[in-house]
Amino acid sequence: VSSLLSRYRTFKVLVIGDSGVGKTCLTHRLCGGEFPSRVEATIGVDFRERLLDIDGEKIKLQLWDTAGQERFRKSMVQHYYRNVHAVLFIYDVTRPASFNGLSAWIEECRQNSVGQEIPRLLVGNKSDLRDPSRAEGQVSQEQAVSFAKAHGMMFFETSAKNPPMKRVNGWRGDRAVLYQQ
Ligand code: GDP
Ligand code: MG
């Protein structure tokens, strides 16, 4: 098994964002699981992996699911960003505070990745809870697209709950999605 796995190129992807936005649920779904009926709050960091075959290339996607507000974060944060290939910044489309909170996460990323050019993706989660009859109290896709453009990020809106996870009104940005450092 180990010789088989060694043929996979590992991509480390960090999942970042305020507590409760759905990082753990999304990570679970991205790794092939169902939407969890119950989730424990993440402590520190959890790991999940998924093996992918992309155009004949064997890829091991390694997701680092981090805790939002965490006492020990400061001592761990450098580990999180070491040799990272991409960062997913998650917010909850029905909780504008989680969108406004992104600047702090982007700043954390910037401080810990000096000299690296890491692809960053903006991901609006819980789109299944979006109420089209009202605008206030929700983050619009237009707001998110302009934020993504301003920060050179790609943008996707999704739901960890309603399968299949589908990309809504994505903004691809100007860069490749993933690359190996
Ligand atoms: P984390 O703190 O960012 O890891 O968030 P969790 O993954 O623990 O999810 C927080 C809460 O949001 C849980 O009650 C989940 O069931 C719920 N949740 C997560 N993603 C979605 C989603 O896409 N849609 C809905 N409706 N609820 C979600
Ligand atoms: Mg979590």
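**View 1. The shell around ligand 1 by class.** In this predicted model, the shell around ligand 1 has 6 nonpolar, 6 polar and 5 charged residues (Ala, Val, Leu, Ile, Met, Phe, Trp, Tyr, Cys and Pro count as nonpolar, Asp, Glu, Lys and Arg as charged, and the others, Gly among them, as polar). G20, K23, C25, D128 and A160 come nearest among the 17 residues around the ligand, with a heavy atom within 4 Å as the cut-off. Helix 2 (residues 23-30) gives the most to this shell, with 3 residues; helices are DSSP runs of H or I, at least four residues, numbered from the N terminus.

**View 2. Backbone atoms beside ligand 1.** Here we meet polar contacts (pairs of N or O atoms within 3.5 Å). A backbone N or O atom of A160 lies 2.8 Å from an oxygen atom of ligand 1. For a polar backbone atom of G22 the distance to a ligand oxygen atom is 3.0 Å, and for a backbone N or O atom of V21 it is 3.3 Å.

**View 3. Helix 3 with helix 5.** Helix 3 (residues 73-81) packs against helix 5 (residues 102-112) at about 65°, with axes 10 Å apart; axes are lines fitted to C-alpha atoms over the stretch in contact, and angles run from 0 to 180 degrees between N-to-C directions. Helix 3 is therefore roughly perpendicular to helix 5 (65 to 115 degrees).

**Notes.** Residues are numbered from 1 along each chain as its sequence is written, while chains are lettered from A and ligands numbered from 1 in the order written. Local features need pLDDT of at least 70, side-chain atom pairs count only at pLDDT 80 or more, and totals for chains, interfaces and linings use all residues, while side-chain values use heavy atoms, leaving out hydrogens and water.

Note on methods. A polar contact is a pair of N or O atoms within 3.5 Å; within protein, one must be able to donate a hydrogen and the other to accept it, and residues adjacent in sequence count only if both atoms are side-chain atoms. Helices (H or I, at least four residues) and strands (E, at least two) are DSSP runs, numbered from the N terminus. Angles under 35 degrees count as roughly parallel, over 145 as roughly antiparallel, 65 to 115 as roughly perpendicular and the rest as oblique.
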